[in-house]
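User: I would like to go through the labels attached to this model and see what each one rests on. Please set each value against its cut-off.

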Amino acid sequence: MEKRIYILNGPNLNLLGKRQPEIYGHETLADVVAACAKVAGEVPVRDAQSNHEGGLVELIHEAREDGLGIVLNAGAYTHTSVAILDALNTFEGPVMEVHISNVHQRESFRHHSYISARADGIIVGCGTQGYELAVQRILRMTGQG
Ligand code: CA2
């Protein structure tokens, strides 16, 4: 079965490029996915966004079947969700945690991440380029880049 790189986004990230550009930039989620697909080259990408915690858990379960690796920006669930951490712990490939903003320069409730305990790498504060860097890292970790 051909494996895919999953690019998963959590709540409100469907608004990327449409609100708060001073924090999250001008690129839309579609722009971000297109840039990731370019970096991934021959390796297919599967992108999805959910505003629901259970939706993200189910997408991670899907990745258990054919995921080469997961790039995850869990949005605000990063700071609250043991369920997403538990799901990630059932996935065998590399997991890259991405945050567009530098969460460490923001409110203290954004400084802790449940995802980080499982993530193989964490990219924060690199804007939407962070997703491309994460894809590049998954390719390298899986011997394809
Ligand atoms: O910096 C990030 O990528 C975050 O994961 C974004 C989350 C925030 O809760 C995390 O602490 C850090 C919020 C996503 C909201 O996305 C929007 C995008 C455009 C406009 C409004 C919200």
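User: Why is arginine 4 called partly exposed?
Analyst: This is a predicted model, and the values are computed from it. Arginine 4 has a relative accessibility of 23%. Buried means under 20% and exposed means over 50%, so arginine 4 falls in between and counts as partly exposed.

User: What makes the contact between aspartate 66 and arginine 4 a salt bridge?
Analyst: The closest N and O atoms of aspartate 66 and arginine 4 are 2.8 Å apart. The limit for a side-chain nitrogen of Arg and a carboxyl oxygen of Asp is 4 Å, so the pair qualifies. Aspartate 66 lies in helix H3 (residues 53-66) and arginine 4 in strand E1 (residues 4-9), so the bridge links distant parts of the chain, 62 residues apart.

User: How do you know whether aspartate 66 is buried or exposed?
Analyst: The relative accessible area of aspartate 66 is 9%. Buried means under 20%, so aspartate 66 is buried.

User: What makes the pairs at glutamate 107 salt bridges?
Analyst: Arginine 106 and glutamate 107 meet at 4.0 Å, N to O. For arginine 110 and glutamate 107, the closest N and O atoms are 2.7 Å apart. The criterion is within 4 Å, and both pairs are listed as salt bridges. Glutamate 107 is partly exposed at 36% relative accessible area, whereas arginine 110 is buried at 18%. Elsewhere, salt bridges that share partners join Arg4, Arg46, Glu62 and Asp66 into one network. The structure holds 6 salt bridges.

User: Why is histidine 61 given its accessibility label?
Analyst: Histidine 61 has a relative accessible area of 38%. Histidine 61 lies in helix H3. Its C-alpha atom is separated by 8.4 Å from that of leucine 88, 27 residues apart along the chain.

User: What makes up the largest nonpolar core?
Analyst: The largest nonpolar core has 20 residues, of which Ile5, Ile7, Val71, Tyr131 and Val135 touch the most other members. To belong, a residue must be buried and joined to the set through side-chain atoms within 4.5 Å. Two or more residues come from each of E1, helix H2 (29-40), strand E3 (67-73), strand E4 (95-99) and helix H5 (129-141). H5 gives the most, with 5 residues.

User: What lines the largest pocket, and what is its volume?
Analyst: The volume of the largest pocket is about 370 Å³. Its lining has 18 residues, and Pro11, Asn12, Leu13, Tyr24 and Gly75 lie nearest the centre. By class, the lining residues are 8 nonpolar, 7 polar and 3 charged.

Methods: Residues are numbered from 1 along each chain as its sequence is written. This is a predicted model: local features need pLDDT of at least 70, side-chain atom pairs count only at pLDDT 80 or more; totals for chains, interfaces and linings use all residues. Side-chain values use heavy atoms; hydrogens and water are left out. On a 1 Å grid over the protein atoms alone, a cavity is a set of points where a 1.4 Å probe fits but cannot get out, and a pocket is an open set with protein on both sides within 12 Å along at least five of seven lines; lining residues have an atom within 4 Å of a point. Grid points are joined across faces, edges and corners, and a volume is the space filled by probe spheres set on the points. Ala, Val, Leu, Ile, Met, Phe, Trp, Tyr, Cys and Pro count as nonpolar, Asp, Glu, Lys and Arg as charged, and the others, Gly among them, as polar. Helices (H or I, at least four residues) and strands (E, at least two) are DSSP runs, numbered from the N terminus. Buried means under 20% relative accessible area, exposed over 50%, partly exposed in between (1.4 Å probe, protein chains only).
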